[in-house]
Amino acid sequence: MRAEANETTRVLVVDDDAGVRFTLKEMLRSLRGVEVEQAEDGAAALEKLAARPFDLVITDLRMPRMDGLELVRRVSATPRAPRLIVITAHGSERFAVEAVKAGAYDYFRKPFDVDELLAVVTRALESVRLRDENERLTGELNLSRSLVFSSESMGRLAQLVQRAGSRDVTVLITGESGTGKERVAEALVRASPRANRPYLRFNCAALTEELAEAELFGHSKGAFTGAVKSRQGLFREADGGTLLLDEVGELAPPLQAKLLRVLQEGEVRPVGEDRPVKVDVRILAATHRDLRKRAAEGQFREDLYYRLNVVQLRVPPLRERPEDIPVLSRMFLDRFSGRFHTGRLALPEGFFERLSALPWPGNVRELENTLESLVALSSDGELDLALLPTPVTTGAPATMAQSEVPPRGEEAGASLGLKERVEAYERGLILDALRIEGGNRSGAARRLGIGRATLHDKLRKYGLDSAPEEGGEGKG
């Protein structure tokens with residue numbers, strides 16, 4: 001059972017007899033890692049179960065206020081219900097059988113036989129362990145179809161994706177640009193009862209407010225200039241399925257109000273039409289923004305934030321899971337060596353250590369772009385480490401414009417902390433990308449593996465937003 005792995009196993013003992021509760025607690029103490037709480041009846045047990053999760057509930061059948069059978073029925077109907085074992089008196093086995101039919105895992109009789117009790121409890125906890133292990137493995141298999149990982153943090157995310165995916169709830173996926181939020185959304189859809197229904201995606205930062213409204217909610221013919229025919233809109237096209245709202249933090253305030261109506265009422269009102277249309281769509285939302293902060297600042301509707309944030313899944317940045325860098329890198333190297341017909345490339349000594357020393361502000365997308373460039377520029381069957389950016393600890397990146405190079409060595413250590421070094425590195429990458437793209441911001445954003453809106457934010461952050469944009473959008 002899980003106690004053997006030095007994990008705490010929480011057991012709730014429910015009985016109106018304090019002496020019985022004490023006896024059971026003492027018996028369960030012989031099982032390593034078991035933490036026991038008590039409740040005097042079914043109503044008190046429900047309060048404790050609402051406050052924190054338990055792995056196992058052992059309950060008497062006959063109690064005041066709420067008996068054990070009613071407790072079994074209610075608890076069994078909840079998501080991820082704990083295992084339930086009922087205690088039955090001699091001659092009342094038929095009530096125990098009824099409890100098992102209602103969802104109880106097993107039962108044992110009074111007076112207690114220690115060996116029988118411990119055997120039943122051990123089997124129940126082992127079934128909990130196997131259920132959790134199966135859920136974890138299924139979740140990892142599901143998420144690994146979209147993302148490659150080996151870190152514990154991503155394994156935990158995979159398990160949460162499996163749980164949230166199978167329940168028809170709204171999910172807010174948060175994380176920095178390039179972490180793989182869209183891939184997490186795909187895994188949620190695969191784990192969903194709606195997996196075989198339509199799955200559509202919309203980038204909330206991609207269109208003007210008028211066009212975004214028509215794209216999402218539909219429009220009638222002639223509703224606005226250029227509306228030469230009616231359109232259903234993505235919500236109606238996704239009816240019965242799932243819609244991912246990427247970069248939802250960029251949604252204009254009027255559209256936030258219309259989205260809130262969809263979440264509250266399950267209906268949309270197409271542009272130019274008077275009557276709403278009912279839709280059944282599961283909403284997934286993704287953002288690199290801090291929506292709670294934006295709501296506090298009045299830039300995002302607070303009521304919409306809470307409607308979207310039913311379940312929040314945070315995708316950790318690459319710097320928090322460096323153990324994923326080698327497995328990701330091998331996958332990208334295989335992909336690009338095949339694309340560029342280079343054959344298997346020799347890896348220089350310290351290659352993965354060098355990669356792990358970089359901060360990767362663009363996360364997995366930046367790592368992918370870097371390795372694509374590295375393979376494309378390789379020669380003599382070997383990767384050239386000199387083509388990698390300089391690690392943060394040595395100061396500026398190798399490709400940074402000389403006018404932007406911060407102090408190096410001891411001088412850098414004395415004048416710049418870690419945060420400042422990371423920012424200097426990121427600023428240098430942005431300047432280098434803009435230089436390569438001739439000032440074209442769309443091209444620079446693609447080169448960096450980030451969205452154009454994110455690039456604008458970073459340009460403002462580093463005081464570069466006043467720089468003229470050369471070459472127009474056509475070059476990007």
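Which strands does helix 1 lie across? Helix 1, residues 18–28, lies across strand 1, strand 2, strand 3, strand 4 and strand 5, and runs at about 175 degrees to strand 2. Keep in mind as you look around that this is a predicted model.

Five strands make up an open sheet, with parallel pairing and the order 2-1-3-4-5. Its edges are strand 2 and strand 5 (106–109), each of which pairs on one side only. From one strand to the next, the twist averages 20 degrees. You can follow one of these pairings in detail: strand 1 and strand 3 run parallel and are joined by four bridges. Within strand 3, Val 57 is the residue that stands opposite Leu 12.

Now turn to the helices around this sheet. Helix 3 lies across strand 1, strand 3 and strand 4, and its direction makes an angle of about 155 degrees with strand 3. On the helix 3 side, the contact is made by Leu 69, Val 72, Arg 73 and Ser 76, and on the helix 4 side by Glu 98, Ala 99 and Ala 102.

Helix 2 is worth a visit too. At its start, the backbone nitrogen of Ala 43 has a side-chain oxygen of Asp 41 within 3.2 Å. Helix 2 covers residues 42–51, and its buried residues are Gly 42, Ala 43, Ala 44, Ala 45 and Leu 49. Strand 1 (9–14), strand 2 (34–39), strand 3 (56–60) and helix 3 (68–76) are among the elements that cover these buried residues.

Strand 6 runs parallel to strand 11, with four bridges joining them, and here Thr 174 stands opposite Thr 287 of strand 11. Strand 6 also pairs with strand 12 (residues 311–314), again over four bridges and in the parallel sense. In that pairing, Leu 172 faces Gln 312 as its opposite residue in strand 12.

Next comes the largest nonpolar core, which has 29 residues; Leu 216, Phe 235, Leu 243 and Leu 245 have the most contacts inside it. Two or more residues each come from helix 8 (209–217), helix 9 (234–237), strand 8 (242–246), helix 10 (253–265), strand 11 (282–287) and helix 12 (302–308). Helix 10 gives the most to this core, with five residues. For a closer look, pick out Leu 243: among the residues it touches are Leu 200, Leu 216, Phe 235, Ala 238, Val 281 and Ile 283. In soluble globular proteins, nonpolar side chains tend to be buried together.

Our last stop is Pro 348, in the loop between helix 13 (324–339) and helix 14 (351–356). Is Pro 348 buried or exposed? Its relative accessibility is 14%, so Pro 348 counts as buried. Not counting residues up to four places away in sequence, Pro 348 touches Glu 382, Leu 383 and Leu 385. Asp 384 is 36 residues from Pro 348 in sequence, yet their C-alpha atoms are 7.6 Å apart in space.

Conventions:
Residues are numbered from 1 along each chain as its sequence is written. This is a predicted model: local features need pLDDT of at least 70, side-chain atom pairs count only at pLDDT 80 or more; totals for chains, interfaces and linings use all residues. Side-chain values use heavy atoms; hydrogens and water are left out. Buried means under 20% relative accessible area, exposed over 50%, partly exposed in between (1.4 Å probe, protein chains only). Contact means heavy atoms within 4.5 Å. A polar contact is a pair of N or O atoms within 3.5 Å; within protein, one must be able to donate a hydrogen and the other to accept it, and residues adjacent in sequence count only if both atoms are side-chain atoms. A nonpolar core is a set of buried Ala, Val, Leu, Ile, Met, Phe, Trp, Tyr and Cys residues joined through side-chain atoms within 4.5 Å. Two strands pair if DSSP finds at least two bridges between them. Axes are lines fitted to C-alpha atoms, for helices over the stretch in contact, and angles run from 0 to 180 degrees between N-to-C directions.
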